[in-house]
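Dear colleague,

Please find below the structure for your records.

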Amino acid sequence: MSLKDRITDDMKAAMRAKEADRLGTIRLLTAAMKQKEVDERITLDDAAVVGIVDKLIKQRKDSIEAFQKAGRQDLADKEAAEVQVLQAYLPARLSADEIAAEVRAIVAELGAKGAGDMGKVMGAAKQRLAGKAEMGQVSAAVKAALAG
């Protein structure tokens, strides 16, 4: 079963169970997926769906931070609940050590020497680690690998 089919099945289950908050989050995800398909005239595969989920989670985390700074814990809690629902659709994430090992392998393959090669290394890392790791952690690992 593809990830897209699983999301559709989960939406139907949330409707039957009358889980309004979960249903709203899943509908938000399906809307983002449909928007991407229509805009780019493509059919999404699992990797593209994971990319969309990652993007939505990042937006929610940014919102949580903003709401907490503004003293709106109620809205921050709502966003945190949406993050929990969305994280169920992500594959298992790599640990920091695994990310560092992958980045070192990419640096060795490309023969990258210093900070000037950061873009080249990040491009390869995004392709290899998309959906498996948060890109903020990957970027930090690339900086560390190129510095040392």
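In what follows, Ala, Val, Leu, Ile, Met, Phe, Trp, Tyr, Cys and Pro count as nonpolar, Asp, Glu, Lys and Arg as charged, and the others, Gly among them, as polar. The model is predicted, so that local features need pLDDT of at least 70 and side-chain atom pairs count only at pLDDT 80 or more, while totals for chains, interfaces and linings use all residues. Residues are numbered from 1 along each chain as its sequence is written, and side-chain values use heavy atoms, with hydrogens and water left out.

Overall architecture

The protein has seven helices and zero strands; here helices (H or I, at least four residues) and strands (E, at least two) are DSSP runs, numbered from the N terminus. Roughly 55 × 40 × 30 Å is the box that the C-alpha atoms fill, taken along the principal axes.

Pockets

A pocket is found on a 1 Å grid over the protein atoms alone, as an open set of points where a 1.4 Å probe fits, with protein on both sides within 12 Å along at least five of seven lines; lining residues have an atom within 4 Å of a point. A volume is the space filled by probe spheres set on the points, which are joined across faces, edges and corners.

The largest pocket has a volume of about 360 Å³. Of its 15 lining residues, Asp 54, Lys 58, Arg 93, Glu 134 and Met 135 are the closest to its centre. Five of the lining residues are nonpolar, four polar and six charged. Helix α3 supplies the largest share of this lining, six residues, and both α3 and α7 (135-147) give at least two.

The second largest pocket holds about 160 Å³ of space. Its lining consists of Ala 32, Lys 36, Ala 48, Gly 51, Ile 52, Lys 55, Leu 56 and Gln 59. Two or more of these residues come from each of α2 (20-40) and α3, and α3 gives the most, with six. By class, this lining has four nonpolar, two polar and two charged residues.

Helix packing

Two packed helices are described by the angle between their axes and the distance between the axes. Axes are lines fitted to C-alpha atoms, for helices over the stretch in contact, and angles run from 0 to 180 degrees between N-to-C directions. Angles under 35 degrees count as roughly parallel, over 145 as roughly antiparallel, 65 to 115 as roughly perpendicular and the rest as oblique. Contact means heavy atoms within 4.5 Å.

Helices α1 (residues 3-16) and α3 (residues 46-69) pack at about 55°, with axes 8 Å apart; they are therefore oblique to each other. Leu 3, Lys 4 and Ile 7 of α1 meet Asp 46, Val 49 and Val 50 of α3, a set of four nonpolar, no polar and two charged residues.

Between α2 and α3 the angle is about 125° and the axes are 10 Å apart, which makes α2 oblique to α3. On the α2 side, Leu 28, Leu 29, Ala 32, Met 33 and Lys 36 take part, and on the α3 side Val 49, Ile 52, Val 53, Leu 56 and Arg 60. This contact has eight nonpolar, no polar and two charged residues.

The axes of α5 (residues 96-110) and α6 (residues 118-129) come within 10 Å and cross at roughly 130°, which makes α5 oblique to α6.

Yours sincerely
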